[in-house]
Amino acid sequence: MAIKYELIKEDKQTGARLGRVTTPHGSFETPVFMPVGTLATVKTMSPEELKEMGANIILSNTYHLWLRPGEDIIKEAGGLHSFMNWDGSILTDSGGFQVFSLSDMRDITEEGVHFRNHLSGEKLFLSPEKAMEIQNALGSDIMMAFDECPPYPAEYDYMKASVERTSRWAEKCLRAHKRPDEQGLFGIVQGGEYEDLRRQSAKDLVSLDLPGYAIGGLSVGEPKHVMNEVLSYTAPLLPKNKPRYLMGVGSPDSLIDGVIRGVDMFDCVLPTRIARNGTCMTSNGRLVVRNAKFARDFSPIDEHCDCYTCRNYSRAYIRHLVKTNETFGFRLTTYHNLYFLVKLMGQVRQAIKDDCLGDFREQFFEQYGFNKP
Ligand SMILES: CNc1nc2c(CC[C@H]3O[C@@H](OC)[C@H](O)[C@@H]3OC)c3nc(N)[nH]c(=O)c3cc2[nH]1
C-alpha cells in the first residue's frame, strides 16, 4: 500500500484529528501545511531550507510540468524527486484546476478536456488517462484524480452533471493507474455548495476505496462562511481512517477552521505569493515590509518568530532589499511565511494533543486580528 494513514487522536472539543501519513518517501504528522512548488521548485527555497523549516511534503503540478519541461524529461531524470533533488514526499495535482483556471477555449467532453496551452496557444487535450500517465511519469507519492473544479457559483444542473462526470473520471483514473504500490491516488470531492451533490460525490468516490480524499471546488471565490459550511458536512462523509485534503487553502484562519472541521492536509500559494511582493504573515497579522514606516525599524519581521529570517535580519534591511527588488529579500520573506504556517500547524497539533484547540483558536484569532470587525 503506497499511502498509510494512522489516526492518533481525535480532539474532544472539535472534529479535529491528529494523524500521521506515511508514503514511500517518508512520513509526516497531520494536520499539515504543504508548501506549493508548482514548477518543481518552491519558489526561491532550496530543498535543504524546506527540510530545515520542517516541511516534509511539498506539492507540484501536473499541468505546468506537462507543458514545461514535459513529463518525459522528468521521467528520464528518474522522476520528480531526483529531478528536483527532494527526498521527502511529493503530491501532484491532476491539472484539472489549471485547465479550468488558466486556459480559454475549453471544450469539456466525456473523454476529457480540449483547451489551448496558456503559453503558446496550441490546442491540447487532457483526459483522466493522460493525467495519470503524466503523474505516473513524475513519480509523485500522492496523485490527484482528474476532476472538474467548476466555477463559483455554478447552477445546480451544471454542478450535478459535472459531479457525475468527475466520479466517472475518478474510476477511469483508477483503471489507468500503472503504479498503485508506489503512488497513492486521491479522489477529489466536488459538488459546490449543494449538500446533496457533495454527499453523492463523496459516496461515489468512497466506493472506489482510494487511499485518501480531497475536498475540491473550494477557495474559488466563495465567502469563508460558505467554505466552512460545506466543510462541516463534507469532511465527516469521508473515511476516518484516511487523510482528508482541502485544496488551495492556506490563510491562517482558514487552516485552523479547516482543522476544526476534520481536515488533515492543506496547500496554498498564498504564503509564497504574497512574500514575493513583500507581505509577511506575523503573529500580529499581516505586515507589508516595503511600507516607509519600517525604513528605520531594526526589529525582526515578527518578534515571536525564531526562523532564520527573524533571527538574523531587520525589517529595515528586508524593506531595502524588497524595494530594490533584490532576490535575497524575497528569499527572506518566503522563508519566514512558510516557516510561519509550518510552525502554526505544529502549534495546532500540540493544541489537539492538549485538548485545547478551541482555546488556541480564540487566542490566535485575537492576536492576529481576525476578530476585528
Ligand atoms: C487556490 N484555490 C484552489 N486551488 C485549487 C486547486 C489547485 C491546487 C493546485 O494549484 C496550484 O495552486 C494554485 C498548485 O499547484 C496546487 O497544487 C495541488 C484544485 N485542484 C483540483 N484538481 N481540484 C479542485 O477542486 C481544486 C480546488 C482549488 N481551489
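Q: How much space lies in the second largest cavity?
A: About 40 Å³. Keep in mind that this is a predicted model.

Q: Which residues line that second largest cavity?
A: The lining is made up of Met 45, Glu 49, Tyr 308, Thr 309, Phe 328, Arg 331, Leu 332 and Tyr 335.

Q: Which helices each supply at least two residues of that lining?
A: Helix H12, spanning 308–312, and helix H14, spanning 327–353. H14 gives the largest share, with four residues.

Q: And how does the lining of the second largest cavity divide into nonpolar, polar and charged?
A: Five residues are nonpolar, one is polar and two are charged.

Q: How many cavities of 30 Å³ or more does the count come to?
A: Two.

Q: What volume does the largest cavity have?
A: About 50 Å³.

Q: What lines the largest cavity?
A: Pro 150, Pro 151, Tyr 152, Met 159, Gln 190, Gly 192, Gly 217 and Val 220 do.

Q: Switching to the ligand. How many residues surround it, and which are the closest?
A: There are 22 residues around the ligand, and the closest are Asp 93, Gln 98, Asp 147, Gly 217 and Leu 218.

Q: What does Gly 217 do at the ligand, in terms of distance?
A: A polar backbone atom of Gly 217 is 2.7 Å from an oxygen atom of the ligand.

Q: Which ligand atom does the side chain of Asp 147 reach?
A: A nitrogen atom: a polar side-chain atom of Asp 147 lies 2.7 Å from this ligand nitrogen.

Q: And where does Leu 218 come in?
A: Through its backbone, where an N or O atom of Leu 218 lies 2.8 Å from a nitrogen atom of the ligand.

Q: What percentage of the ligand's accessible area does the protein cover?
A: On its own the ligand has 580 Å² of accessible area, and the protein covers 92% of that.

Q: Last topic, the open sheet of three strands. What order does it have?
A: S7-S8-S9, with antiparallel pairing. Strand S7 (107–108) and strand S9 (123–126) are the edge strands, and each pairs on one side only.

Q: How many bridges are there between S7 and S8?
A: Two, with S7 and strand S8 (residues 113–116) paired in the antiparallel sense.

Q: Which residue stands opposite Ile 108?
A: Val 113 in S8.

How values were computed. Residues are numbered from 1 along each chain as its sequence is written. This is a predicted model: local features need pLDDT of at least 70, side-chain atom pairs count only at pLDDT 80 or more; totals for chains, interfaces and linings use all residues. Side-chain values use heavy atoms; hydrogens and water are left out. On a 1 Å grid over the protein atoms alone, a cavity is a set of points where a 1.4 Å probe fits but cannot get out, and a pocket is an open set with protein on both sides within 12 Å along at least five of seven lines; lining residues have an atom within 4 Å of a point. Grid points are joined across faces, edges and corners, and a volume is the space filled by probe spheres set on the points. Ala, Val, Leu, Ile, Met, Phe, Trp, Tyr, Cys and Pro count as nonpolar, Asp, Glu, Lys and Arg as charged, and the others, Gly among them, as polar. Two strands pair if DSSP finds at least two bridges between them. A residue is near a molecule or strand if one of its heavy atoms lies within 4 Å of it. A polar contact is a pair of N or O atoms within 3.5 Å; within protein, one must be able to donate a hydrogen and the other to accept it, and residues adjacent in sequence count only if both atoms are side-chain atoms. Accessible areas come from the Shrake-Rupley method with a 1.4 Å probe; for residues, only the protein chains shown count as cover.
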